[in-house]
Amino acid sequence: MSQDTYIRMWADTQRELDTMLQREREEFLQPEEDREKVMKMLATAYVQYLEIFRNLEAAHDHLIHQQKRAAVRQALDGVMGRILEIKKEMVALEKSECPYMDGILMELKRVPEDIEIPIPKYFIKENLRILQEREEYLHEILLNAGLLEQEPVTAMTLEEGIKVIQVAERARQGRARAAFMKRIYLEEKRQSQKEKQETGKSPDDAATCIQKVWRGYSQRKKTEKLREEEMIFLGMSLPPDLEAMSYLQKANLLQGEVQKREDLSFRQELRKTEGPHIKETLQDQITQCFLECRHITGRFPDYPPEKTGGSKAIFIEKHPEQVAEELAAKKEAEEKEKNGKVQEKPKEKKPQKAGKQVVDLRWKMGPSNFLSMLEEGSSQYQVFWENRDNRSDFLQDHDPELIKGREREEVEEEIRVQVDEVMQEKLLEIKKAVDGEMGPQGKAKKGEKGSKAHGKKRILELERDLTPNRTIDSLYQELAEEGLIIRVKNVNLSDYIGYYDCLRSILRRTGAQPLPSIPEVRQLVALYGILPLGSQTVHENAPLVKSLLLAGPAGVGKKMLVHAICTETGANLFSLTPSNLAGKYPGREGLMMMFHMILKVGKELQPSVVWIRDTEKMYCKGAAKRVEEMNFKRLAKLLPQFLKALKPKDRVLLVGTSNRPFDANLGPFCKAYQKIILVPKPDYLTRFALWKHYILQSGGALTKLVNLNCLAQVSDGFTQGHLVDVVHTVLTELRLLQMDRKPLRTAEFVTSLARHDPVYKEEEETFQAWYAKTPIGKAWSAAQAAKEEGKRKKGKGKSGKGKKGKGKK
């Protein structure tokens with residue numbers, strides 16, 4: 001599609017976003033008692049925001065104009081964050097990670113695929129070069145350390161062997177022919193040299209040779225020019241002024257170094273033309289403010305420190321008259337508080353009854369960090385882009401006025417810092433000359449210094465640097481050589497195949513705990529893992545999720561989901577397993593050093609994922625039998641400190657996977673992981689799709705002799721890992737060679753499948769019982785009990801009314 005199509009898509013989506021913001025102002029800001037109505041409002045907004053998200057992502061990915069992309073990017077990040085905030089409200093209201101959405105989808109005439117979470121492509125595109133360099137560096141480290149797995153030697157087919165022999169024979173014949181021709185050429189050259197020595201060349205022969213060379217050269221040039229003119233006339237190539245730079249190349253250059261040089265030139269131009277005027281205006285405003293403050297309060301105020309913004313704090317605050325009024329009101333309030341405390345001391349003994357406090361149980365939407373961002377982006381769109389004539393953007397070039405507007409703010413900030421230094425010195429000189437003040441009193445200054453030093457000491461104790469003399473590259477190399485940084489397998493979240501389970505609505509009616517289906521697992525992983533890790537803005541402002549637990553039977557795809565998170569966001573993968581820690585970083589000090597190195601490298605090269613495999617072994621109830629298990633168990637005591645060190649600006653996610661979460665102590669286990677996702681085994685429809693996908697992927701051919709319905713039915717209870725193992729066992733190299741004369745049969749896969757043990761119903765029930773004991777599971781049970789109690793009371797009330805009516809008759 002053309003650029004105009006995506007510009008129209010952006011415009012339509014922006015109008016839909018404005019409508020959504022208006023609806024939020026009208027509906028979400030009002031308290032509401034009816035929980036079902038609230039849930040309907042939230043689910044409707046969630047689905048509509050997802051559609052807006054999908055359209056904005058498509059527009060951002062295909063637009064070339066850099067400034068337009070920046071405007072779309074602001075709206076895109078805001079919509080992503082708003083989706084996470086609404087998801088948090090839905091989970092808190094429904095007490096479940098998988099709220100019921102079928103009714104809303106039917107009402108909005110949508111299909112379940114419409115609530116799939118799209119992954120923005122800019123997560124990888126904008127950092128592609130850095131990610132490629134980092135991958136090459138890791139490959140080099142692992143290769144030098146001998147940690148790369150050798151590729152398995154595969155047998156060569158007959159056709160491949162014949163091709164190799166043919167290529168080698170043709171190469172041998174070519175080399176022999178070249179050697180033969182070389183001998184002939186040398187012989188002819190020697191013969192011609194003998195003839196030249198015998199008879200010298202005349203000047204006419206030399207002129208003829210030069211003419212021949214020149215005419216050949218000029219004719220080739222004319223022919224090339226005629227060919228170029230013909231291709232331009234036919235429309236098969238660009239004119240010379242556009243040929244060197246296509247639209248996409250021009251956009252990439254504008255997004256790179258060329259744009260930076262233009263920004264610098266604009267900044268220098270603004271500093272020369274508008275710098276003196278800005279400096280003079282700032283000095284006049286600061287001087288006027290100080291004179292008015294002295295006229296009202298009788299003394300010059302202290303200059304605001306740079307930590308509070310310097311002179312910027314002066315312009316944010318109110319007028320001097322309002323400041324004086326606030327100071328007087330504050331003094332009166334302090335005097336009243338002192339007098340009130342003296343009078344109220346005897347009355348403090350009487351405790352207040354808790355029953356008198358009125359609690360508002362109505363639902364109200366929590367504060368948002370993204371609505372202001374969306375509203376600001378909407379206003380900027382209306383000012384700059386809504387009525388813009390896009391026909392002038394044929395080359396998708398930048399707009400100088402927009403660049404100047406952005407650079408003007410930075411120039412003003414630079415000049416403000418310089419003005420603050422000058423005005424601070426002037427203020428001290430004036431205070432010395434007029435008021436005779438020498439600055440704050442020594443005691444107060446000393447006290448302030450002591451409090452600051454105390455606070456600084458506490459911060460240093462909490463986040464001390466154990467490796468101050470080491471570079472990030474050296475720490476990265478050590479962690480890679482120790483096997484703690486591993487290579488990420490290239491799998492996308494969409495490769496985790498699965499379909500919606502239509503029986504979940506029936507189970508919900510019975511009051512059973514709703515467990516996620518495979519598409520819902522994809523959504524939760526995208527919401528809690530991929531979107532925050534991919535966008536710095538979303539991670540800093542959205543509800544913070546520091547840790548995530550994937551629990552489920554062996555083979556359901558937990559490892560694949562971890563690698564998918566890293567693939568979609570370009571994150572580093574730190575792997576902590578008992579086998580990895582065996583003989584490395586022993587004792588508490590060693591583990592502390594390991595966590596420090598992981599935290600330092602992960603923050604510097606963010607995004608990063610810290611993966612703890614078999615994490616239940618850290619919290620298992622029995623005593624450790626081996627040294628590596630004991631060292632692994634010590635991680636549980638250091639894990640809370642590791643999570644506390646993660647701030648909203650740090651795109652580092654802790655992911656744990658567990659095959660037996662019920663073996664761990666539930667209390668500390670659930671405290672370590674904020675979000676728990678129970679990964680299910682595949683249902684019938686998913687198994688049908690998996691059999692077809694894996695057989696075709698491995699080179700097999702599907703005929704009438706392979707009954708996929710039968711395979712999907714027989715493999716009930718088996719996981720994705722079982723199906724992959726069966727397909728690889730059956731479709732060997734030899735079996736693939738026999739495919740033409742001996743087609744695949746259903747019995748071959750059934751025989752291999754019978755050698756595996758399925759996930760029995762008892763194990764599945766154990767997972768469900770464990771999940772019911774987690775905080776989210778207990779909240780769901782309590783909510784269901786409250787609903788049943790409410791229904792029972794309503795039923796009693798109706799029956800009581802009926803009895804009274806009969807008595808009157």
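This is a predicted model: local features need pLDDT of at least 70, side-chain atom pairs count only at pLDDT 80 or more; totals for chains, interfaces and linings use all residues.
The protein chain has a mean pLDDT of 79, with 77% of its residues at 70 or more. In residues 317-321, where pLDDT stays under 50, the model has 7 contacts beyond four places in sequence. In residues 438-462, pLDDT likewise stays under 50, and the model has 1 contact beyond four places in sequence for this segment.

The secondary structure of the protein chain consists of 34 helices and 6 strands. Of the 809 residues in the chain, 37% are buried. Among contacts in the protein chain with a separation of 6 or more, 84% are between residues 24 or more positions apart. The accessible surface amounts to about 50,400 Å², and carbon and sulfur atoms contribute 54% of that area.

Helix H15 was examined individually. This helix spans residues 371-385, 15 residues in total, and the distance from its first C-alpha to its last is 20 Å, close to the 21 Å expected at 1.5 Å a residue. The buried residues in H15 are Met373, Leu374, Gly377, Ser378, Tyr381 and Trp385. These residues lie on the same side of H15, because the arc they cover around the axis is only 135°.

Salt bridges were considered next. The structure contains 23 of them. One is formed by the side chains of Asp12 and Arg15, with an N to O distance of 2.3 Å. Both residues belong to helix H1 (residues 3-27), and because they are 3 residues apart there, about one helical turn separates them. Asp12 has a relative accessible area of 37% and is therefore partly exposed. Arg15, with a relative accessibility of 46%, is also classed as partly exposed.

The side chains of Arg735 and Glu748 meet at 3.0 Å, N to O. This pair links distant parts of the chain, with Arg735 in helix H31 (residues 733-737) and Glu748 in helix H32 (residues 746-753), 13 residues apart. Arg735 has a relative accessibility of 6%; the residue therefore counts as buried, since buried means under 20% relative accessible area. Glu748 has a relative accessibility of 23%, so this residue counts as partly exposed.

Terms used
Residues are numbered from 1 along each chain as its sequence is written. Side-chain values use heavy atoms; hydrogens and water are left out. pLDDT is the predictor's confidence in each residue, from 0 to 100. Contact means heavy atoms within 4.5 Å. Helices (H or I, at least four residues) and strands (E, at least two) are DSSP runs, numbered from the N terminus. The expected span of a helix is 1.5 Å times one less than its number of residues. Buried means under 20% relative accessible area, exposed over 50%, partly exposed in between (1.4 Å probe, protein chains only). The arc is that of the directions from the helix axis to the C-beta atoms. Accessible areas come from the Shrake-Rupley method with a 1.4 Å probe; for residues, only the protein chains shown count as cover. A salt bridge is a side-chain nitrogen of Lys or Arg within 4 Å of a carboxyl oxygen of Asp or Glu.
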